[in-house]
Amino acid sequence: MTDTPTSRDWGGVISLGLIWGATFMVVSIALEGYGPVTVATARTTLGAVALLCVMAASGRSLPRPDGRLWAYIALIGLLSTALPFVLLSWGQQYVPSAFAGLSMAAIPLMVLPLAHFFSDEPLNLRKFIGVSLGFSGALMLIGPGLAQLGRGAEPLAQLACIAAALCYSVASVFTRRCPPVDPVTLAALTLVVGSVTLLPIMLITEGVPGWAGPRSGWAIIVLGLVPTALATLLRVSIIRSAGSVFMTLVNYQVPIWSMVFGAWVLSEALPLRFFIALAMILTGLAISQWVSLSKMLRGGRASAR
């Protein structure tokens, strides 16, 4: 493994930003024909099946019977698939897909204070400034909704999207603390946990889904196979080749692409506060990760020479 990004790594990280940025648009299309729990369940189940097939084809086996490891797998599965997928699907019934994508930009900023208390990554002054600016951007994003709590579903939907970002953040911390396990296997099993959790909830609340037409039907299939399964494999490949710091470049792309696809494909209106919030969150993210990004960029220039 090398920490110097190749042209293939750059292509991969740009592709991953596009894929994850478009996810929120595809969720909105799937919701045209299916309920939010069905969308979350189908996405999780299809992704689990695809990654289990990858495990079988590559000769990967299940982890050892370690209670602590399996407890982490179950917890990560609930926090990284079942709960946030349902929150996002429900929330996107009432808010633009661009709002959901912008909410995800706060994930790295949420991870920093959590890591300060639950791992060996202290929150220094520079990171604190970056986190404070980023959270100010998040407040800019949801501020009008907070003033309208109790007056319809939209404010609660905004909070659901932020809560989904918090779920991903907590899951990230637990993933760092998880005992050693193959990353593809971990991704497959966490999706299995999400699928097993959501299937009975879907059957009770929304019933057995049928084919709702090509637009929504294909959107669900795409959700399971591309941003859930394929993107996981791409993420693992990039981290192994160029390192986890390089992967943080995806965090800068996702909110931008979510706004582009929301406005371009779904004709969503983008209020001025979306752009202000985006600038504040991305600036805070850059400040908080400045040292790591500087090292990565210096390494890239050195390899070019």
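Predicted model: local features only at pLDDT ≥ 70, side-chain atom pairs only at ≥ 80, totals over all residues.
Visitor: Why is Arg-215 called partly exposed?

Guide: Its relative accessible area is 48%. Exposed needs over 50%, and buried needs under 20%. Arg-215 therefore counts as partly exposed.

Visitor: What makes Glu-32 and Arg-215 a salt bridge?

Guide: The closest N and O atoms of Glu-32 and Arg-215 are 2.7 Å apart. The cut-off is 4 Å, from a side-chain nitrogen of Lys or Arg to a carboxyl oxygen of Asp or Glu. So the pair qualifies. Glu-32 sits in the loop between helix H1 (7-30) and helix H2 (36-57). Arg-215 belongs to helix H9 (residues 214-242).

Visitor: Why does Glu-32 count as partly exposed?

Guide: Glu-32 has 49% relative accessibility.

Visitor: What does the pair of Asp-182 and Arg-60 tie together?

Guide: Parts that are 122 residues apart in sequence. Asp-182 lies in the loop between helix H7 (154-177) and helix H8 (183-205). Arg-60 lies in the loop between H2 and helix H3 (67-91).

Visitor: Are Asp-182 and Arg-60 buried, exposed or partly exposed?

Guide: Asp-182 has 25% relative accessibility, and Arg-60 has 26%. Buried means under 20%, exposed over 50%. Asp-182 is therefore partly exposed, and so is Arg-60.

Visitor: What makes Arg-64 and Asp-66 a salt bridge?

Guide: Their side chains meet at 3.4 Å, N to O. That falls within 4 Å, so the pair qualifies. By this rule the count comes to three salt bridges.

Visitor: Why is Asp-66 not called buried?

Guide: Buried needs under 20%. Asp-66 has a relative accessible area of 23%, so Asp-66 is partly exposed. Arg-64, at 44%, is also partly exposed.

Visitor: Which elements make up the protein chain?

Guide: There are 13 helices and zero strands. Buried residues account for 49% of the 305 residues.

Notes
Residues numbered from 1 in each chain as written. Heavy atoms only, no water. Helix = DSSP H or I, 4+ residues; strand = E, 2+ residues; numbered from the N terminus. Buried < 20%, exposed > 50% of the residue type's maximum accessible area, 1.4 Å probe, protein only.
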